[in-house]
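User: I would like to learn how to read local features in a structure of this kind, one at a time, with the cut-offs stated as we go.

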Amino acid sequence: MEETREQIADHEKRLQVLNRKAQAARMLYQVLNEHKESAEKDYSIHFAKYINDLAKSFYGTDIHFEVSDSFEIISRTLSGVEVDVADLSTGAKEQLAILIRLALTQIVQVGEPFPVILDDEFAHSDPDRIAMMNNIFSDFGDEQQFIMLTCTPEKFSGYKPVKTI
């Protein structure tokens with residue numbers, strides 16, 4: 001009987017330790033979540049600025065993407081017409097995906113630029129849009145490297161400088 005009581009006491013001690021660890025984990029989760037939400041809100045402002053600046057360079061001056069505090073792109077307003085992102089054409093979504101990656105690159109890139117890899121990102125884009133995207137790449141300057149993997153390199157013949165392998 002005494003041995004059973006000792007085992008129960010040991011289990012109760014371990015349970016107390018586990019409860020303290022669980023409480024610490026809950027507190028850590030809460031603090032990290034608060035910091036994450038704060039960081040998302042702070043960075044989403046920069047993200048919205050970068051994506052809208054890039055979009056203006058690509059589409060022209062009369063465009064705006066609505067971005068939530070959690071980086072979600074909600075809608076695009078082009079020439080006064082607002083469209084939910086889900087309702088954009090496949091080509092427009094493709095172009096938006098590239099703009100998103102480039103905007104995020106501007107946020108995380110500190111100091112020396114790192115290569116941006118695009119794997120056949122322009123499959124549904126017309127030649128005029130592909131040519132316009134070259135203007136965006138040019139805006140990044142000579143130090144930024146873009147690596148484009150594609151089965152149709154002729155789409156990018158107007159890009160300068162370009163090295164085809």
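User: In which loop does S79 lie?
Analyst: S79 lies in the loop between strand 2 and strand 3 (81-84), where helices (H or I, at least four residues) and strands (E, at least two) are DSSP runs numbered from the N terminus. This is a predicted model, in which local features need pLDDT of at least 70 and side-chain atom pairs count only at pLDDT 80 or more, while totals for chains, interfaces and linings use all residues. Residues are numbered from 1 along each chain as its sequence is written, and side-chain values use heavy atoms, with hydrogens and water left out.

User: What is the phi of S79, and is S79 buried or exposed?
Analyst: S79 is not a glycine, yet has a positive phi of about 55°. Accessibility is read in classes: buried means under 20% relative accessible area, exposed over 50%, and partly exposed in between (1.4 Å probe, protein chains only). With a relative accessible area of 53%, S79 is exposed.

User: Which loop holds F71, and what is its phi?
Analyst: F71 is found in the loop between strand 1 and strand 2, and although F71 is not a glycine, its phi is positive, at about 75°. Its relative accessibility is 26%, so F71 counts as partly exposed.

User: How many aromatic pairs does a search of the whole structure find?
Analyst: The general idea is that rings of Phe, Tyr and Trp (its six-membered ring) pair if their centres lie within 6.5 Å, and that planes under 30 degrees apart count as stacked, over 60 as edge-to-face and the rest as tilted. Here the search finds three aromatic pairs. One of them joins F47 and F71, whose ring centres are 5.2 Å apart with the planes at 40°, so the pair is tilted. This pair links distant parts of the chain, since F47 belongs to helix 1 (residues 2-59) and F71 to the loop between strand 1 (63-67) and strand 2 (73-78), 24 residues apart. F47, at 2% relative accessibility, counts as buried. Another pair, F58 with Y59, is edge-to-face, at 4.7 Å centre to centre and 85° between the planes; F58 is buried with a relative accessible area of 2%, and Y59 counts as buried at 16%.

User: How many bridges join strand 4 to strand 5?
Analyst: Two strands pair if DSSP finds at least two bridges between them. Four bridges join strand 4 (residues 116-119) to strand 5 (residues 146-149), and the two run parallel, with L118 standing opposite M148 in strand 5. Strand 4, helix 3 (residues 127-139) and strand 5 make a right-handed β-α-β unit, the hand being right when, with the strands pointing away from the viewer, the path from the first strand over the helix to the second runs clockwise.

User: How much space lies in the largest pocket?
Analyst: A pocket is an open set of points on a 1 Å grid over the protein atoms alone, where a 1.4 Å probe fits, with protein on both sides within 12 Å along at least five of seven lines; lining residues have an atom within 4 Å of a point. About 740 Å³ of space lies in the largest pocket, a volume being the space filled by probe spheres set on the points, which are joined across faces, edges and corners. Of its 22 lining residues, the closest to the centre are F146, M148, P161, V162 and K163. Strand 5 gives the most to this lining, with four residues.
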